[in-house]
Amino acid sequence: MRLNLNTKIRLGFGIALIVLLLTSLFAYISIQQVAYYTNRVEHTYKVLQHSTELRTQMRDAQGSVRGYLLLGDKSYLNNYDDLIMGVRGSYEDLRHLTFDNADHQRRLDTLGTLLAQEILLLDSWRQQPPSPYAARDLVRGDRRLLDQIRATISRIKNSEDLLLHRRTRDRDIWERMAPLAIIGSAVLAIVLVLWLFSRIVQELKEKERLQAELAAVNHNTAQRIQLIENLAEQVVLGDYKVKIRDKEQDSIGKLAGSLNRMTQTLDQTFEALNKRNLELDQFAYVASHDLKAPLRGIGALVKWIEEELPHEVSAQMREYLVMLKGRLTRLDDLINGLLAYARAGRTQPLPEEVDVRALVAEVADMVVPAGFTVDLPPSLPSLLTDRLSLQQVFTNLLSNAVKHHHSSQGHLNIGVQELKKEYEFSITDDGPGIAPEYHEKIFQIFQTLRDRNTAESTGIGLSIVRKIIEEHKGSIRVQSVPGQGTTFVFTWPKTLAPVSAVTTSASVLF
């Protein structure tokens, strides 16, 4: 079965990769083995070193006692205790180094007994009066014990010498095998890579020919895509009558046809939307003129009854008249709020330089009563924006904080934080707070947490605030816990954002 080029390339790279992996694995094993046997050789050297040190220290300890007995000079005993401590230390090191060698452990058991006897013997002679005869008796009496110690240590050293020879041989074998395996696998990998290189060169030549053909197709496709991008830009700018002339029957041609149908649908939809907005404008005009006229008439009738029939109206009737005037005032406020909500974001804003500190101070003077204090941060920004909309946002939020405060006195704090593309303003009060379950409800139109009979609370103010802020590509949220005050946080763009509103000729009615 003949393999295609891609299969050959994959197979070649796969074999080369396997060879390299096996080589790496073998090299890793070799290095580990070399490191292991090197460690074992070093271990053997340590055992031999401590064995020699133990023998030397024991001999020097006996020599210091012998010198003291022979010459009567106590300076020979100055380092005796250090030598004995060295003997014990070397013995413990040998114990630790050969814990896995049962033969050595048995020899060390014997050696430990002999060393203990030797140390007791030397300690006893160290207490004897010095004389040449005492030195002679020490040497004669200690000869057999020292011979046993030397013989035991020699057996340990001989065993370690055999281990050293075997471990050195194994380490040398692994050191020789690792380079040979690496060189062999490298040669094989080079051969495979050269073969793959020759096949890839042939494939590249074929691809160059195909790329030349694709370049022409890509150029044509890019031009057609550019036409689609131009259509999208025109749609963004509000031109929904633009069309693409593309007669091809491929995917791009079908996409162009779909976009043409989309722009046609958008054109029809926005025409219908303009008509609906005109109807809404007309309704608002009727509401602001025709609906308020009866309200004013009813209000006048109530006033006439109170003025012309003061003695014929009972106390109960006066209470009803007061309730009626409250309902009329609330209905008038609802109509005014509904008109304000309809106007919000409907007109194209005119940018102007706004000093936010001066604007907030002006709003506070208008809507914040004397019993409240307003704290402003050291610096508030100046920005080119829609002054009237930003003023209405601060007006509604400050007025809302005062109206819903549980006391006639309070404290309001204005904060600001500069973000990347916008400013984040905050208005904090020390009022009664808002429960978490109402944090979203308060922004819905006609939703209020106050009594429906309260004339000042129409449930439209925060809805207008959210609509204005969202039309300017910002956001608003509330942070509050009952009994701990309320903070309204909203973002406002540093540069004037286009308001997503459909302008109609009837907007002048507002």
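Here are some notes on this predicted model, going from its helices to its sheet and then to its aromatic rings.

1. Let's start with Q57, which sits in helix α1, residues 5-71. Is Q57 buried or exposed? Its relative accessible area is 18%, and the cut-off for buried is under 20%, so Q57 counts as buried. Setting aside the neighbours within four places in sequence, Q57 is in contact with L83, G86, V87 and S90.

2. Next, have a look at helix α4, residues 132-236. If a helix of 105 residues were straight, it would span 156 Å at 1.5 Å a residue. Between its end C-alpha atoms, though, α4 spans only 119 Å. While you are there, find R143: a kink of about 45 degrees in α4 is centred on that residue.

3. How many strands form it, and in what order? There are 5 strands, the sheet is open, and the order is β2-β4-β5-β7-β6, with mixed pairing. The edges belong to β2 (372-375) and β6 (476-480); each has a single partner strand, so one side of each has no neighbour in the sheet. From one strand to the next, the twist averages 20 degrees.

4. You can walk across the sheet strand by strand. β2 and β4 (residues 410-418) run parallel and are joined by 4 bridges; T373 stands opposite H411 in β4. β4 and β5 run antiparallel, with 7 bridges between them, and a hairpin of 3 residues connects the two. Here G415 stands opposite S426 in β5. The next step is β5 to β7, an antiparallel pairing over 8 bridges. S426 turns up again, with V489 as its bridge partner in β7.

5. What packs on the sheet? Helix α8 (residues 387-403) does, touching β2, β4, β5 (422-429), β6 and β7 (486-493). The direction of α8 makes about 180 degrees with that of β7. Helix α9 (residues 461-471) packs on the sheet too, touching β6 and β7, and its direction makes about 30 degrees with that of β7. As for β5, that strand is mostly covered, with 6 of its 8 residues buried.

6. Finally, the aromatic rings. A pair of aromatic rings is described by how far apart the centres are and by the angle of the planes. The count comes to 5 aromatic pairs. One of them is F443 with F488, an edge-to-face pair at 6.1 Å centre to centre with 90 degrees between the planes. This pair links distant parts of the chain: F443 is in the loop between β5 and α9, F488 is in strand β7, and they are 45 residues apart. Are these two residues buried or exposed? F443 has 5% relative accessibility and so counts as buried; F488, at 3%, counts as buried too. There is also an aromatic cluster to look for, formed by F394, Y423, F425 and F490.

Conventions. Residues numbered from 1 in each chain as written. Predicted model: local features only at pLDDT ≥ 70, side-chain atom pairs only at ≥ 80, totals over all residues. Heavy atoms only, no water. Buried < 20%, exposed > 50% of the residue type's maximum accessible area, 1.4 Å probe, protein only. Contact = heavy atoms within 4.5 Å. Expected span 1.5 Å × (residues − 1). Bend = angle between axes of the 7 residues up to and from the residue. Pairing = 2+ DSSP bridges. Axes fitted to C-alpha atoms, helices over the stretch in contact; angles between N-to-C directions. Phe/Tyr/Trp six-rings, centres within 6.5 Å; stacked < 30°, edge-to-face > 60°.
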